[in-house]
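Dear colleague,

Please find below the structure that I am handing over to you. My findings follow directly after it.

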Amino acid sequence: MPRLAVIGHPVAHSRSPDMQTAALMEMKLAGEWTYGALDVAPEDFEATVAELAVAEEYAGVNITVPHKEAALAMADEASEGARAIGAANTLSFREGRIVADNTDAGGLLRSLPRSFRGERVLVLGAGGAARAAIWALVDEGASVDVWNRTADRGATVAAELGAGTITDPDPAAYSLIVNTTAVGLAGEDTFEALPLSPDSFAAGQTVLDMVYTEEPSALLAAAEDAGATVVDGLEMLVQQGALSLRIWTGEEPSIEAMRTAVRRG
Ligand code: NAP
């Protein structure tokens, strides 16, 4: 029986087990495949993954905070995206070898309503999630500007991934605005922390907030009020999870079943 899991620290809050199990049920694979959660501290990460890779029951794992860089570092093979991003969120175990992918990049593109090839995109943030977003959007052919609270870090990441840097963006200049910062999670004032105001948005724009909260984020609520198209972090979570499941099973999961499961959780 092939086993799958998400590895994080902490991991109890993760919606991946419910979401992936719902997909496996819909695919009629739930009798055969299982998806669980493993809380692994950073000092135990490498030994745990090395053990799973050789123990035949595991087909692969999703990787979440804080292990995505360590996951890439111990892979025998990695996709071009995972290498460029510098992090892996999906490991597959193939005859004892560890193969790394980063489905945050493809998941972000699949969560958007259309391609932004040739258009201007603003990415807020320069952490791991931003690296996946910038790489995906540059690869798609968008013209990406990066804003980050710590400007030096933003400039370094942007230069490395083929994007530009901006310190005082004009939101109206962008077709797509992507928030990859953690702003909104700890109750801070979104419009104090980010270079945006509630009236920064307009119809015709798309706004994606990677943070997932129970209620629509302040950012998405303002964007929606202005008539912009909004995409929340749960949609991206579903899409990156579906890509991981496709890598392991070779089959296309039901996006609807996964959406229903994450929005119930
Ligand atoms: P990270 O590597 O720690 O990066 C955090 C980013 O947020 C940095 O750019 C940091 O700026 C910025 N930031 C943090 N607090 C801030 C504040 N108060 N004001 C302005 N900027 C602030 O984290 P990450 O892995 O990129 O994850 C970021 C978020 O994306 C998390 O909430 C995570 O859950 C979410 N995420 C969602 C998905 C999904 O599928 N929906 C996938 C991946 C990640 P500095 O450089 O200045 O510190």
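In this predicted model, I begin with helix H6, whose buried residues are Ala130, Arg131, Ala132, Ala133, Ile134, Trp135, Ala136 and Leu137. These buried residues pack against helix H4 (80-85), helix H5 (103-111) and helix H7 (151-161), and also against the strands E7 (120-124), E8 (143-147) and E10 (176-179). H6 itself covers residues 128-140, and because 13 residues at 1.5 Å a residue should span 18 Å, the 19 Å between its end C-alpha atoms agrees with expectation. Just after H6, Gly141 adopts a positive phi of about 100 degrees.

On the side of H1, the contact is made by Met19, Gln20, Ala23 and Leu24; H10 contributes Leu237, Val238, Gln240, Gly241, Leu245 and Trp248. By residue class, the contact of H1 with H10 comprises seven nonpolar residues, three polar and no charged.

The backbone deserves a separate remark. Most residues other than glycine have a negative phi, and most peptide bonds are trans. The following places depart from that pattern.

- His9 and Pro10 are joined by a cis peptide bond, with omega about 5 degrees; Pro10 sits in the loop between strand E1 (3-8) and H1.
- Val65 and Pro66 are likewise joined by a cis peptide bond, with omega about 5 degrees; Pro66 belongs to the loop between strand E3 (58-63) and helix H3 (68-73).
- Lys28, a residue other than glycine, has a positive phi near 60 degrees. Lys28 lies in the loop between H1 and strand E2 (34-39), and its relative accessibility of 72% is over 50%, so it counts as exposed.
- Glu95, also a residue other than glycine, has a positive phi near 50 degrees. Glu95 is placed in the loop between strand E5 (90-94) and strand E6 (97-101), and it is exposed because its relative accessible area is 86%.

Finally, Glu95 can be set against Ile177: the two are 82 residues apart in sequence, and their C-alpha atoms are 42 Å apart in space.

With kind regards

Methods: Residues numbered from 1 in each chain as written. Predicted model: local features only at pLDDT ≥ 70, side-chain atom pairs only at ≥ 80, totals over all residues. Heavy atoms only, no water. Helix = DSSP H or I, 4+ residues; strand = E, 2+ residues; numbered from the N terminus. Buried < 20%, exposed > 50% of the residue type's maximum accessible area, 1.4 Å probe, protein only. Contact = heavy atoms within 4.5 Å. Nonpolar A, V, L, I, M, F, W, Y, C, P; charged D, E, K, R; others polar. Expected span 1.5 Å × (residues − 1).
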